[in-house]
Structure formats: structure tokens, C-alpha cells
Amino acid sequence: MIDFIGDIHGHADELEALLKKLGYSIKNGNYHHSDRTVMFIGDYIDRGPKIVETLQIVRRMVDAGDAIALMGNHEYNAICFHMKNKKGVPLRLHLPKNIHQHKKTIEQFHSMSKGKTQFKEYIDWFKTLPLFYEGINFRAVHACWDINNITFLKKRLKHGKLNDNFFWGSVQKGSKLFVAIDETLKGKEIPVPLGHLFEDPEQNTREEMRIKWWADPITTSYRELSFPRVDTLPDKLVDKSVFKSPNYYTDKVPVFFGHYWLKGKIKDYGSNICCLDYSVAKDGVLAAYRFDGEAKVDIEKFVVV
């Protein structure tokens, strides 16, 4: 019996409220449930007011065996931001956009006594987080379960662990490893049709659109395939040549993920599709799903604060 929890982004107060609502209470310094465990879907840092406190809650639960924490793209970005290649160049360049995204995390740690040392310890901890999790009757990943990428990553991981060579290789644009990491932690994207640029929730002009990687591309329009939906995209069928691997077929076990900044009411995206990111960092809610082994996702089993 697992409670999947979506992107937290430094909102420790909401996390504690959600855990209490789910029936967890403090035991030996961390949140514990006698019958259930938590699986965090990633993105614990950046944006929010209590990033350090969020990490403390999550890590204590993991260390006590009360939770499993997956890696999100923000944890991966943080590793690469602070990690250098053999020439001393950061793996994630310190461009204004990258600095802005990571600024609150750096500031909150650096304002603490011994915060820089603690932050380095958390960066090392991020490197231990799994990229995905596969149970008997469920799967979990931060952004996208693509069977080709997952199979490739399983072969690349040394004893299931990430090492420096893995990160150095993962930033080589165009490489198979770069694509596998990028899509697993950030989702699949395809070019938008000519003349249909749009702004994302962060007001960046986008030439590519994130897609429903579980949808059937042969019968789906650009507008319907976009995720979250972009109503300004055309209602014409997508060129199926852009898809290089199969979608997440409807006969697969439920897959739980976050990442996509959904808004509004909890929505049903399919019997085996469960997105848990409802934009707590943008005036939304922090969402959880109470999983008891069912074969089909039931939106009545969402819990939000």
C-alpha cells in the first residue's frame, strides 16, 4: 500500500499537512504510517519557501524506510549545476535562466550556518536517487515512462547506481544517454507546426510541445496531444514520423509521475495514467494518490491539500 506524492518544490508546510491528512504521524523524528509507505516522485527543491525543511522530511523518511524518493529533473539539474567536467566546466552552464531556476535553493542553504556543507551532502544524496521504479503492479517515474529509454538506462546503470561518468555522458547533447535522461526526467517533446509558437507557464516562448506519451499519435491532433493542453495549437493530426518508440499502451500497469504543472480539478487521463503534479508552487495543490494494488486508476483516491 503506497501513497504516491507529486512535485513538492520546497513547500514543506503543504507536505506536512498532506502527510497528516494521509494518516502519517511523527515517530522517532520522521513521518511514519503503520500500514503504508510513501513514494515521492521527485522535484523537492527550487521555487518554494522551505526547501531545506522539505529535504529534511523526505530524507528522514527514506532513511527510516518509510519512503522511496525518485529523482526529478530539478535534482538532476542541481547535480549538473554544481558538478564540473574534467576541464572544470559546470555540466549545467550557469546561464541566467539556470541560475534563476536554482536561486532559491542556493540562497536558503547559504543563509544557514554550515549550509554550504549541508547542501553538498544533499547533492551527493541526490546522486543516489533512482531514476525510476518498477513494482509488480505499478511503475513510477518523474516525467515519462518510455520502454526504450528505461531498457537503455537499466543497461547503463552500474549496479543500479549513478556515477560521475554517467553524469558526464548524460550532458552530451544528441547522445542516446542524453535523450534517455532528458525524456525520462523532462518528458517527450515534438516540434510545433509552423506558425504556432506559444508561451509556457513560465512565459518562455516554445518551439516544441510536451506531449501525452501514452496517447495514440496516429489518431491524435496536435492540440489533443499537447500536455498540458495548448488550445492555440491546430486541430490537425500529428505526423507520426516524429515518434521513435511505442506509446504507453493501455494494457500496461498503472504508471505514476509528476512534472507537468497541471491546473484545476483532478483529471482522468486514462485507466493506467496518473499525473500527480498539480502546481503547488504556482498556487495549485499538493497531490497524492493512495494506491492499493488496483489495476485501474481511480480519481476518488487522490488526496490534496
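Reply: Let's take strand β1 (residues 2-5), which is covered on both faces: I2 and F4 on one side, and D3 and I5 on the other, are all buried. Buried here means under 20% relative accessible area, exposed means over 50%, and partly exposed is in between, using a 1.4 Å probe and protein chains only. Strands (E, at least two residues) and helices (H or I, at least four) are DSSP runs, numbered from the N terminus.

Before going on, a word on the model: it is predicted, so local features need pLDDT of at least 70 and side-chain atom pairs count only at pLDDT 80 or more, while totals for chains, interfaces and linings use all residues. Residues are numbered from 1 along each chain as its sequence is written, and side-chain values use heavy atoms, with hydrogens and water left out.

Now for the neighbours of β1. Strand β4 (residues 37-40) pairs with β1 in the parallel sense, over four bridges; two strands pair if DSSP finds at least two bridges between them. Look for I2, whose bridge partner in β4 is T37. β15 runs antiparallel to β1, and four bridges join them. There, D3 has R290 as its bridge partner.

What about the side chains? Leaving out residues up to four places away in sequence, I5 touches a number of others, including L15, V38, F40, L276 and A288; contact means heavy atoms within 4.5 Å.

Most residues other than glycine have a negative phi, and most peptide bonds are trans. S279, in the loop between β14 (277-278) and β15 (285-291), has a positive phi near 60°. S279 is buried, at a relative accessible area of 0%. K114 also has a positive phi, near 65°, and sits in the loop between α4 (96-110) and α5 (115-126). K114 counts as exposed, at 67% relative accessibility. Finally, the peptide bond from F227 to P228 is cis, with omega near -5°; P228 is in the loop between α9 (222-225) and β12 (255-257).
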